[in-house]
Amino acid sequence: MAEKPFDRESLVLLDEALRVLEDGFRGLPGDTSPIDLAPLRDVLLVAAERLRDNDPYHHPLYVGQMLKPPHPVARLAYTLALWLNPNNHAFDGGRASSLMEQEAVAQIARMFGWDTHLGHLCSGGTLANFEALWIARELRPGKAIAASTQAHYTHERLSGVLGVPFRAIPVDQHGRMDMAALEDRLRDGEIGTVVATLGTTGAGTVDPLHEILALRARHAFRLHVDAAYGGYFTLADNLDAETRRAFDAIPQADSIAVDPHKHGLQPYGCGCVLFRDVGVKHYYQHDSPYTYLGSSDPHLGEISLECSRPGAAAVALWTTQRMFPLTPGGGFARNLETGREAALALYQALARDQRFAPLFLPQLDIVAWAVRADSASAASARARQVFQAAKERDLYLALATFPRSMLESIAPVVLWDADEIICLRACLMKPEHHEWMGEILARLGAAADACLA
């Protein structure tokens with residue numbers, strides 16, 4: 001298979017779009033400031049050389065970290081907006097892009113079943129989760145925040161920033177929050193907020209949100225859904241029944257974090273935070289003597305902890321969602337389904353290979369597996385060897401550490417001389433991964449043959 005080149009053909013559309021944008025400002029005096037292309041060319045080519053020191057994140061043979069190139073329509077729309085460089089803090093600095101943000105965020109909220117909401121874009125999942133946990137602290141003062149041990153590390157760190165106690169809840173053998181352990185921790189009443197992760201960044205596991213809601217009926221707590229990675233899978237129709245039940249329960253959450261810059265085809269950074277209760281805007285209120293005077297409508301800066309925010313991100317998201325509506329059965333949803341099909345194909349191939357021990361059937365599009373060995377330490381060493389051998393064959397995997405509690409049932413080792421094992425991991429985020437699965441497996445097999453003889 002020939003390597004997929006970088007898209008350059010679509011750049012002609014950027015020139016056409018710029019002419020349309022330019023027509024909106026024809027009444028202004030001309031700007032005759034010359035642009036010297038020679039120094040621009042020199043530094044730009046140096047930057048291009050430097051960027052070659054990266055793994056090929058854009059290519060189907062890259063299945064490592066959750067890195068996915070933005071769709072061409074997002075790239076073009078983002079770049080188009082940079083000629084104006086709008087700031088979505090206030091209508092004064094980004095009127096059109098602010099309205100586009102509101103429309104795009106409303107579409108995401110409707111995807112989760114919310115017709116009314118309070119929300120906005122932000123730099124990514126970390127800030128989206130931070131705002132949700134900050135509001136939770138204001139509504140549950142003095143109470144702890146709980147998340148699973150497989151939840152993103154940001155929750156414990158952000159709890160520290162907020163000065164809120166954090167409670168780590170154990171997971172079951174499939175990496176999902178253990179409901180018995182959660183209920184046990186809820187009994188003393190010290191937990192005010194539970195974070196349910198719908199798509200852990202380690203193994204792509206989905207906490208049983210529907211069961212957590214049943215606990216909320218018996219123990220009063222606020223429920224935040226961290227769907228930064230997996231949220232868009234609510235549109236997919238090939239989830240297993242248990243995972244589907246969890247996603248169908250999202251509308252009953254109090255807040256949601258989701259990252260359009262992961263599965264939403266957007267450039268970094270583009271996160272989104274949503275609140276079901278629009279009344280939480282009260283906690284954001286502040287005054288500015290020079291920004292909120294251009295319109296009597298609420299400005300996005302009045303409901304965001306960030307002040308200056310790139311309007312270009314909103315333009316890119318709005319344009320992408322106009323091309324790919326967030327609807328079940330549409331082209332966007334089919335791409336997600338194709339990623340999960342690729343993950344299932346990889347899992348099944350690994351399960352047939354006696355050298356490997358896949359952790360569990362993937363719920364979304366992430367697959368993790370141990371390399372069988374006599375001991376846990378040897379399994380970790382072998383994983384590193386396969387990782388490097390695969391990279392030498394232009395197959396880019398990732399390494400991830402998982403605890404004994406998630407591995408013991410698949411018996412990858414005889415001797416547990418360590419409480420965790422370094423495993424191999426693949427994020428099959430690109431729809432092309434399904435088509436390339438044969439090549440991915442061939443290169444993984446060759447890498448294993450080279451170091452696991």
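Predicted model: local features only at pLDDT ≥ 70, side-chain atom pairs only at ≥ 80, totals over all residues.
User: At what angle do the axes of helix H12 and helix H15 cross, and which term describes how the two helices lie to each other?

Analyst: Helix H12 spans residues 376-392 and helix H15 spans residues 437-451, and their axes come within 8 Å and cross at roughly 125°. An angle over 145 degrees would count as roughly antiparallel and one of 65 to 115 as roughly perpendicular, with the rest counted as oblique. The crossing at roughly 125° is therefore described as oblique.

User: How do the residues of the contact of H12 with H15 divide into nonpolar, polar and charged?

Analyst: On the side of H12 the contact is made by Gln385, Val386, Ala389 and Ala390, while H15 brings Leu444, Ala447 and Cys451. Sorted by class, these residues of the contact of H12 with H15 come to 6 nonpolar, 1 polar and no charged.

User: Is the crossing of H4 and H10 left-handed or right-handed?

Analyst: Helix H4 (residues 91-111) packs against helix H10 (residues 311-323) at an angle of about 50°, with their axes 8 Å apart. H4 and H10 are therefore oblique to each other. As for its hand, the crossing of H4 and H10 is left-handed.

User: How many charged residues are there in the contact of H4 with H10?

Analyst: The contact is made from H4 by Ser97, Met100, Glu101, Glu103, Ala104, Gln107 and Ile108, and from H10 by Gly311, Ala314, Val315, Leu317, Trp318, Thr319 and Gln321. Glu counts as charged, and both Glu101 and Glu103 of H4 take part. Alongside 7 nonpolar and 5 polar residues, the number of charged residues in the contact of H4 with H10 is 2.

User: Which residues of H3 does H1 meet?

Analyst: The axes of H1 and H3 come within 10 Å and cross at roughly 40°, in a crossing that is right-handed. By class, the contact of H1 with H3 has 8 nonpolar, 1 polar and no charged residues. From H1, the residues Leu11, Leu13, Leu14, Ala17, Leu18 and Leu21 meet, in H3, Leu76, Thr79 and Leu80.

User: Which helix gives the most to the lining of the largest pocket?

Analyst: Helix H1 (11-23), helix H2 (37-51) and helix H3 (72-82) each supply at least two residues of the lining of the largest pocket. With 4 residues, the helix that gives the most to this lining is H3.

User: How much space lies in the largest pocket, and which residues lie nearest its centre?

Analyst: The lining of the largest pocket divides into 18 nonpolar, 7 polar and 10 charged residues. The space in the largest pocket is about 1600 Å³. Of the 35 residues that line the largest pocket, those nearest its centre are Phe6, His58, Pro69, Pro70 and Arg75.

User: Is the peptide bond from Tyr268 to Gly269 cis or trans?

Analyst: Gly269 lies in the loop between strand S6 (255-258) and strand S7 (271-275). With omega near -15°, the peptide bond from Tyr268 to Gly269 is cis.

User: What is the value of phi of Leu265?

Analyst: Leu265 is found in the loop between S6 and S7, where Gly269 also lies. Leu265 is a residue other than glycine with a positive phi, and the value is near 70°.

Notes: Residues numbered from 1 in each chain as written. Heavy atoms only, no water. Axes fitted to C-alpha atoms, helices over the stretch in contact; angles between N-to-C directions. Parallel < 35°, antiparallel > 145°, perpendicular 65-115°, else oblique. Left-handed = near helix turned anticlockwise from the far one by under 90°. Contact = heavy atoms within 4.5 Å. 1 Å grid on protein atoms, 1.4 Å probe; cavity = no way out; pocket = protein on both sides within 12 Å on 5 of 7 lines; lining within 4 Å. Points joined across faces, edges and corners; volume = space filled by probe spheres on them.
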